[in-house]
Amino acid sequence: MGKNTVEAKTWLDKHYGVSAPGKSTICDWYSNFKRGRTSTEDSKRSGRPKEVIIPEIIRQVRQIVLTDRRVKVREMAETVGISTGSAVSILHDHLHMKKLNVKWVPHFLDIEQREKRVADSKSWLDMFNRNPSEFLRRYITMDETWIHHYIPESNRSSAEWREAGESRSKRVKSSRWAGKVFASVFWDGHGIIHINYLKKGEKCNKEYYSALLDRVNDEIKKKRPHLAKKKSFSIKTMHHLTKPL
């Protein structure tokens, strides 16, 4: 072609677009041809051929993952006898798997608690289907959460676009011991009925919840008088705490 590396790069970009090789690759080609290379075919490479990705290897990788969901790619590759690149290809392209962080939950439910949740959900759904407007007017629910004295910023949310050579911003690391408070929230279709904050030194035991529901009962009589006229009603919580009022 009689072109230097810069001219060759310009020509390749024009004719091949995004699939054109990079500048470093083109420079390597020129160096190899200057040293006497005449073939344009890829050189033979040592190591295991690409044909290792066969059904039997894929099956072995899948079995390893099912046995240990936290297994590392390197350990998996060593066990099966393939490269880490092949292991990643099998996981993503053939098994369509990805590694996710474990989801945090307050506690695990036993079989009886799971069955109770299913029964409660079906009962509430039946009541809703019979009279949706009345159900939403009378239904009260509750949940609990920790409220931090500050909102911790994640690394992803703090990321900023920067130009080449521009230094990144700095932020002070938040203390891991910053305060927080435990809140119990009661609400219905009209809004918040009561929020209770756990006092310092107070314990979440049956005496605490019994007194809490008494306070909620008083709030319901003030804010939801139509419910106070009912002979009886109950509060269903996310923890299966039920107390007739």
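Reply: His96 is exposed, with a relative accessible area of 64%. That value counts as exposed because the cut-off is over 50%. Keep in mind that this is a predicted model. Where does His96 sit? It is found in the loop between α5 (84–94) and α6 (111–130). Its backbone deserves a look too. The phi of His96 is positive, about 55 degrees, although the residue is not a glycine.

Other positive phi values do belong to glycines. Gly17 follows α1, and its phi is positive, near 60 degrees.

Helix α1 covers residues 5–16, which makes 12 residues. From first C-alpha to last, α1 reaches 16 Å, close to the 16 Å expected at 1.5 Å a residue. At its start, a side-chain oxygen of Asn4 comes to within 3.2 Å of the backbone nitrogen of Val6. Helix α2 runs over residues 23–34 and also has 12 residues. It reaches 17 Å, close to the expected 16 Å.

Go back to α5, the helix on one side of the His96 loop. How does α5 meet helix α4 (residues 73–80)? Their axes come within 9 Å and cross at roughly 105 degrees. An angle from 65 to 115 degrees counts as roughly perpendicular. So α4 and α5 are roughly perpendicular to each other. From α4, the contact is made by Val73, Arg74, Met76 and Ala77. From α5 come Thr84, Ala87, Val88 and Leu91. Sorted by class, this contact has 6 nonpolar, 1 polar and 1 charged residues.

Is Glu219 buried or exposed? It is buried, because its relative accessible area of 18% is under the 20% cut-off. Leave aside its neighbours within four places in sequence. Glu219 is then in contact with Ile193, His194 and Arg224. Ile193 is 26 residues away from Glu219 in sequence, yet their C-alpha atoms are 6.7 Å apart in space.

Last, step back to the whole chain. It has 245 residues, and 20% of them count as buried. There are 9 helices and 4 strands. From the N terminus, the order is α-α-α-α-α-α-α-β-β-β-α-α-β. Residues 24 or more positions apart account for 53% of them.

How values were computed:
Residues are numbered from 1 along each chain as its sequence is written. This is a predicted model: local features need pLDDT of at least 70, side-chain atom pairs count only at pLDDT 80 or more; totals for chains, interfaces and linings use all residues. Side-chain values use heavy atoms; hydrogens and water are left out. Helices (H or I, at least four residues) and strands (E, at least two) are DSSP runs, numbered from the N terminus. The expected span of a helix is 1.5 Å times one less than its number of residues. A polar contact is a pair of N or O atoms within 3.5 Å; within protein, one must be able to donate a hydrogen and the other to accept it, and residues adjacent in sequence count only if both atoms are side-chain atoms. Buried means under 20% relative accessible area, exposed over 50%, partly exposed in between (1.4 Å probe, protein chains only). Axes are lines fitted to C-alpha atoms, for helices over the stretch in contact, and angles run from 0 to 180 degrees between N-to-C directions. Angles under 35 degrees count as roughly parallel, over 145 as roughly antiparallel, 65 to 115 as roughly perpendicular and the rest as oblique. Contact means heavy atoms within 4.5 Å. Ala, Val, Leu, Ile, Met, Phe, Trp, Tyr, Cys and Pro count as nonpolar, Asp, Glu, Lys and Arg as charged, and the others, Gly among them, as polar.
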